[in-house]
Amino acid sequence: MHEAAREGAQAWAEEAYRMFPSSVTLCGTYGSILIENGSCQAGMDILKPCTGAANSQMDRGISCCFMARAHHRLGNAEEARYWLQQAEDIGGCAEVFAKVAGEIAGKQALGVAA
């Protein structure tokens, strides 16, 4: 994705999140975009509540995948594996799970810290 498109997506998601902060789906979208754009801790802070049992299977599963991705990018291999396992247990996010699991496994296979 081009830098301008990433910035535009983040600006849109932030505006929507500020308008509807109780929307789990918007929290998930904004938190995920923050992680994709390199603001891992900020993204995790927004996503963690989305992983709660009261939320939909899809919101929980995708949020767990992005929690795993953020921890992976920060070099926290154990936490990355924990969140990836949570995502697998929850289900409802097969495509996102496969992508994140592949990203994590690929670096592990190369001997790079996950």
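Visitor: In what order do the elements of the protein run from the N terminus on?

Guide: In this predicted model, the elements run α-α-α-α-α-α from the N terminus on. The protein has six helices and zero strands.

Visitor: How many of the residues count as buried, and what supplies the exposed area?

Guide: Of the 114 residues, 38% count as buried. The protein exposes about 6300 Å², and carbon and sulfur atoms supply 56% of that area.

Visitor: Why is the pair of glutamate 14 and arginine 18 called a salt bridge?

Guide: The term requires a side-chain nitrogen of Lys or Arg within 4 Å of a carboxyl oxygen of Asp or Glu. For glutamate 14 and arginine 18 the distance is 2.4 Å, N to O. The pair therefore meets the cut-off and is a salt bridge. In general, side chains of opposite charge can pair when their charged atoms come close.

Visitor: Where do glutamate 14 and arginine 18 lie?

Guide: Both lie in helix α1, residues 3–19. They are four residues apart, which is about one turn of the helix.

Visitor: How many salt bridges does the structure hold, and what is the distance between arginine 69 and glutamate 103?

Guide: The structure holds five salt bridges. One of them joins the side chains of arginine 69 and glutamate 103, at 2.9 Å from N to O. Arginine 69 lies in helix α4 (residues 57–73) and glutamate 103 in helix α6 (residues 94–109), so the pair ties together parts that are 34 residues apart in sequence.

Visitor: Is arginine 69 buried or exposed?

Guide: Arginine 69 has a relative accessible area of 4%. This value is under 20%, so arginine 69 is buried. Glutamate 103, with 22%, is partly exposed.

Visitor: How do you know that arginine 73 forms a salt bridge with glutamate 103?

Guide: The closest N and O atoms of arginine 73 and glutamate 103 are 3.7 Å apart. The cut-off is 4 Å, so the pair is a salt bridge. Arginine 73 lies in helix α4 and glutamate 103 in helix α6, so this pair ties together parts that are 30 residues apart in sequence. Salt bridges that share partners join Glu36, Arg69, Arg73 and Glu103 into one network.

Visitor: What is the nearest side chain of opposite charge to aspartate 59?

Guide: The nearest is arginine 60, 9.2 Å away. Since a salt bridge requires a distance within 4 Å, aspartate 59 has no salt bridge, although aspartate 59 is buried. Aspartate 59 is found in helix α4.

Visitor: What makes the pair of aspartate 59 and threonine 25 a polar contact?

Guide: The side chains of aspartate 59 and threonine 25 make this contact at 3.3 Å. Leaving aside neighbours within four places in sequence, aspartate 59 is in contact with Val24, Thr25 and Cys50.

Visitor: Why is leucine 34 called buried?

Guide: Leucine 34 has a relative accessible area of 5%. That is under 20%, so leucine 34 is buried. Leucine 34 lies in helix α2. Leaving aside neighbours within four places in sequence, the residues in contact with leucine 34 include Gln10, Ser39 and Ile46.

Visitor: Where is serine 39 found, and what makes serine 39 partly exposed?

Guide: Serine 39 is found in the loop between α2 (24–36) and α3 (40–47). Its relative accessible area is 30%, which falls between 20% and 50%, so serine 39 is partly exposed. The C-alpha atoms of serine 39 and alanine 70 are separated by 8.6 Å, and these residues are 31 residues apart along the chain.

Key: Residues numbered from 1 in each chain as written. Predicted model: local features only at pLDDT ≥ 70, side-chain atom pairs only at ≥ 80, totals over all residues. Heavy atoms only, no water. Helix = DSSP H or I, 4+ residues; strand = E, 2+ residues; numbered from the N terminus. Buried < 20%, exposed > 50% of the residue type's maximum accessible area, 1.4 Å probe, protein only. Lys, Arg positive; Asp, Glu negative; His and termini not counted. Polar contact = N/O pair within 3.5 Å; in protein donor to acceptor, adjacent residues only side chain to side chain. Contact = heavy atoms within 4.5 Å. Areas by Shrake-Rupley, 256 points an atom, 1.4 Å probe, with all protein chains shown as cover.
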